[in-house]
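Hi,

Here is the structure I promised to pass on to you.

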Amino acid sequence: MWGLVPLFWPLLKPAGAMEILAHRMVWSLAVVGLALLALRRWGWIRELLGQPRKLGLIALAAAVITVNWGLYIWAVNAGQVVEASLGYFINPLVTIAMGVLLLKERLRPAQWAAVGTGLAAVVVLAVGYGRPPWISLTLAFSFAVYGLVKKKVNIGGLESLAAETAVQFLPALAYLMWLGAQGSAHFGAHGAGHAALLAATGVVTAVPLVCFGAAAIRVPLSTLGLLQYLAPVFQFLLGVVYFHEAMPPERWAGFSLVWLALSVLTWDALRTSRRTRAEAAALRRAAARAAAAGAAAEAPGAGGTVEAPGGDAVTTAAPPAGRGRTEAPKV
């Protein structure tokens with residue numbers, strides 16, 4: 001759905017990007033509110049209202065995602081689908097770089113190589129475009145910041161979207177009312193079908209996020225990460241094949257470097273995931289062997305476990321063969 005959404009925004013013309021964005025905010029809150037009403041998930045609101053720091057972070061997340069949404073809608077309708085797709089290709093690299101700069105995370109050598117290759121790709125694309133790929137960079141950085149803030153907020157996807165769109169709702173509604181007062185609003189001016197499409201922006205926003213949240217608790221994280229590359233791949237293919245955007249050699253070179261960086265990053269993530277699973281399996285086997293050894297030690301004639309005053313477990317050793325005395329208890 002995220003990969004095919006560039007086909008949707010042009011259907012909303014002649015409405016401009018700002019008007020479409022405002023409708024997206026207003027109708028998203030309506031859709032999410034209905035979902036929460038159906039699920040009866042309201043308890044988090046009172047808890048959130050008592051945490052000013054989280055409210056501030058949610059307001060920041062709402063501001064950042066507003067920039068991301070608005071720029072993406074404008075880019076698609078302005079014929080910049082390929083450059084917009086690049087933003088979501090380089091987003092993982094930007095996220096990793098922010099982890100190093102802001103969270104002081106340590107990178108593995110393959111991750112450093114991927115980030116360096118991504119930086120080289122941006123330089124190549126800047127030379128090819130004759131300017132920095134500012135649409136891609138703004139989309140990538142805004143979504144990376146959004147992810148970082150969401151990590152700090154740490155509430156469910158549906159609840160988070162509800163809170164963010166609640167922050168966006170009043171300014172968006174005020175803007176739509178102002179457009180109506182100016183006589184330049186497009187809602188209802190081009191028939192019921194166009195009005196329904198504007199209202200559907202809420203569904204287009206909420207449904208993929210709800211599906212993503214449902215998948216996140218069912219699908220391994222490594223698989224989820226790979227699946228997220230499908231969206232920019234579809235967007236890129238739509239830009240080249242359907243919208244017939246130009247792809248001169250220097251753009252192919254830049255995109256190839258980005259894809260190389262993502263391949264290195266994916267290979268490293270899969271290798272690390274396999275190693276982690278192997279280590280976890282080894283620990284489980286060791287724990288099982290230790291439990292079996294403990295069970296054997298507790299067998300009749302092999303000592304036992306008693307509870308000391310205060311509830312501490314004390315293991316007593318069995319009397320050594322041929323001797324009548326016992327050893328001191330081992331805690």
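First, some ground rules. This is a predicted model, so local features need pLDDT of at least 70 and side-chain atom pairs count only at pLDDT 80 or more, while totals for chains, interfaces and linings use all residues. Residues are numbered from 1 along each chain as its sequence is written, and side-chain values use heavy atoms, with hydrogens and water left out. Helices (H or I, at least four residues) and strands (E, at least two) are DSSP runs, numbered from the N terminus.

**Helix packing**

Two packed helices are described by the angle between their axes and the distance between the axes. Here the axes are lines fitted to C-alpha atoms, for helices over the stretch in contact, and angles run from 0 to 180 degrees between N-to-C directions.

Start with α1 (residues 17–39) and α3 (residues 52–77): their axes come within 9 Å, crossing at roughly 135°. That makes α1 oblique to α3. (Angles under 35 degrees count as roughly parallel, over 145 as roughly antiparallel, 65 to 115 as roughly perpendicular and the rest as oblique.) The crossing is right-handed; a crossing gets that name if the near helix is turned clockwise from the far one by less than a right angle, and left-handed if anticlockwise. On the α1 side, the residues that meet α3 are Ala-17, Ile-20, Leu-21, Arg-24 and Met-25, where contact means heavy atoms within 4.5 Å. By class, this contact has seven nonpolar, three polar and one charged residues. For the classes, Ala, Val, Leu, Ile, Met, Phe, Trp, Tyr, Cys and Pro count as nonpolar, Asp, Glu, Lys and Arg as charged, and the others, Gly among them, as polar.

α1 also packs on α7 (residues 157–182), at an angle of about 140° with the axes 7 Å apart. So α1 is oblique to α7 as well, and the crossing is left-handed. Among the α1 residues that meet α7 are Val-26, Leu-29 and Leu-36, and the α7 residues include Phe-169, Leu-173 and Leu-176. The residues in this contact divide into 19 nonpolar, four polar and one charged.

Which way do α4 and α11 run relative to each other? Their axes come within 8 Å and cross at roughly 165°, and α4 and α11 are therefore roughly antiparallel. α4 covers residues 81–103, and it passes α11 in a left-handed crossing. Tyr-88 and Phe-89 of α4 are among the residues in the contact, as are Phe-236 and Val-240 of α11. Nine of the contact residues are nonpolar, three are polar and none is charged.

**Two backbone details**

Lys-13 and Pro-14 are joined by a cis peptide bond, with omega about 15°. Pro-14 sits in the segment before α1. Arg-40 has a positive phi of about 55° although it is not a glycine, and Arg-40 is in the loop between α1 and α2 (43–49).

Of its 13 lining residues, Met-1, Trp-2, Phe-212, Leu-227 and Gln-228 are the closest to its centre. On a 1 Å grid over the protein atoms alone, where a 1.4 Å probe fits, a pocket is an open set of points with protein on both sides within 12 Å along at least five of seven lines; lining residues have an atom within 4 Å of a point. α9 gives the most to the lining, with four residues.
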